[in-house]
Amino acid sequence: MASCILVGTRKGTFLVEKTGGRWQPKLSGHAGSGVNFVARDPNTKTLWAALGHGHWGAKLSRSTDGGKTWADAPQIKYPKGARYLATPMPGEDDPIDAPPKGLKLQDATLLKLWHIGFGQEGRVYVGTIPGGLFESSDGGESFELNRPLWNHASRGGDLFAGEGSGHTDWFGTPASEGEFAPGIHSILVDPRDAQRIVIAVSTAGVLESRDGGKTWSGRNKGMLNDYLPDPAAEWGHDPHYVEQCVGSPDHMWQQNHSGVFYSDDAAQTWKRVSAPERGVHFGFPVAVDAEDGRTAWLVPGKADNQRMTIDGALFVARTEDGGQSWTDLREGLPQENAYDVVYRHALANSGDLLSFGSTTGNLYVSENRGNGWQLVAGNLPPIYSVRWG
Amino acid sequence: MASVQLTRHLHEFFPQLTGQVLQVEAATVADAIAEVEKRAPGFSFYICDELGRLRQHVNIFVGDERIRDRQRLSDALAPDAHVMIMQALSGG
């Protein structure tokens, strides 16, 4: 079981450790800068942080001394010729009777570092906006864009080589900083077989590779998109975050606009297991027990048109039977005047420990699988990510 | 030689440049950035994106004038030009 919580916030990276019987946060680094995600590489023990400097762009940072000091890592850059199909917005200079623009081919530049995943020894993966999966095979000394995914047919084909098909099923997310572009926020390497990688894209869906990233296929069968003309469309899904059971990776979970979805066959099919009558439907993060893939935790919100707690009361929902039933876990959490929103990377578990953080700067910990909670800190900056490490 | 002065915000990331007004041989603003990059590797990616364009919330002045070419930073520098690199007053 991990003993340290890594917290990425809008104003820096915090480490939280239990000393003297209390969980105590300490500012570790990146003071004043946005930190989208922080995690520890389980192989090398290096801490990695995905920064979003407001003025200076997205930067990777790392610490090899447990967070005492941080330094810029080798930076991620889109290679020359990386292009994508973007939807141009009407511009100030466009005459009111300008013809429709359609999609345009746009040169890719790094807008956001969103998620960091770890594979076998030395392999580090970073998900970005616009829609890039960057890989390192040397412990993060250098990164390369995964071109088979970038050139996938679902996003218009090989735009390095030519004009492609002119059609993309990858849409955009307002989580991008600067423009409406797709983003990769979930990267899962199968602990049994590092050649199997699952990623999730806002807004396209889930894709899987079984050959270490050489080829990719959509894995959205059973997903429902209540807001699209065809709810069962292959693409256009907005998985908020996808997680797997480490000990039994065929069990995968996600939560999105259209509910909670569970797969017990390695994302080959998904099944909606929401319980909207209990308030378990819309939300962002999901955590999965490391041994029992049927056990998962969520922090539900009211709905996608009211991204807030239900009636001002904060609770965690847990299932232990693959979503057939849900238990509200409220002990220790505020039940009135609480409007915490928990982002996709801001809930995590390790053994019996759970922690989550909210955009209102509250960080909570449970030491008993969510049955009871304690507030660790109530005045942190808006929290973007929580990981045990 | 042109001189280059940085906002102190950048000193946080490049402490080796703290307190310095850099003297560089540069015919254009792009040349000046390239010279600073030699002394502080990684600097240019803080100022510009992968395509060499000035980041949206960064400004560069030559003397009292904001540069005109944010795409390629081709604004010419006189031998005694003073270049200031700063961030926009944006954020929250």
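Helices and strands are DSSP runs, numbered from the N terminus. In this predicted model, Pro130(A) sits in the loop between strand E11 (124–129) and strand E12 (132–136) of chain A. The peptide bond that joins Ile129(A) to Pro130(A) is cis, with omega about 5°. A cis bond also joins Ser202(A) and Thr203(A), where omega is about -5°. Thr203(A) belongs to the loop between strand E15 (193–202) and strand E16 (205–209) of chain A. Most peptide bonds are trans, and most residues other than glycine have a negative phi.

Positive phi values were computed for two further loop residues. For His30(A), phi is near 60°, although the residue is not a glycine. His30(A) lies between strand E3 (22–29) and strand E4 (34–40) of chain A. His30(A) counts as buried because its relative accessibility is 13%, and the cut-off for buried is under 20%. Asn337(A), also not a glycine, has a positive phi of about 55°. Its loop runs between strand E25 (327–329) and strand E26 (347–350) of chain A. Asn337(A) has a relative accessible area of 67%, so it is exposed.

Pro130(A) is also one of the contacts of Arg155(A). Arg155(A) lies in the loop between helix H1 (147–150) and strand E14 (183–190) of chain A. Arg155(A) is buried but forms no salt bridge. The nearest side chain of opposite charge belongs to Asp169(A), 10 Å away. The side chain of Arg155(A) instead reaches a backbone oxygen, that of Gly131(A), at 2.8 Å. Beyond its neighbours within four places in sequence, Arg155(A) is in contact with residues including Leu85(A), Leu149(A), Trp150(A), His167(A), Trp170(A) and Pro182(A).

Chain A also meets chain B. Contacts link 18 residues of chain A with 20 residues of chain B. The size of an interface is often given as the accessible area lost when the parts come together. Here the buried area is about 1,500 Å², and carbon and sulfur atoms give 60% of that area. On the side of chain A, the most area is lost by His55(A), Trp56(A) and Thr109(A), together 49% of what that side buries. Six residue pairs are in polar contact between the two chains, both residues at pLDDT 80 or more.

Definitions and conventions:
Residues are numbered from 1 along each chain as its sequence is written. Chains are lettered from A and ligands numbered from 1 in the order in which they are written. This is a predicted model: local features need pLDDT of at least 70, side-chain atom pairs count only at pLDDT 80 or more; totals for chains, interfaces and linings use all residues. Side-chain values use heavy atoms; hydrogens and water are left out. Helices (H or I, at least four residues) and strands (E, at least two) are DSSP runs, numbered from the N terminus. Buried means under 20% relative accessible area, exposed over 50%, partly exposed in between (1.4 Å probe, protein chains only). Lys and Arg count as positive and Asp and Glu as negative; His and the chain ends are not counted. A salt bridge is a side-chain nitrogen of Lys or Arg within 4 Å of a carboxyl oxygen of Asp or Glu. A polar contact is a pair of N or O atoms within 3.5 Å; within protein, one must be able to donate a hydrogen and the other to accept it, and residues adjacent in sequence count only if both atoms are side-chain atoms. Contact means heavy atoms within 4.5 Å. Buried area is the accessible area (1.4 Å probe) that two parts lose on being put together, summed over both.
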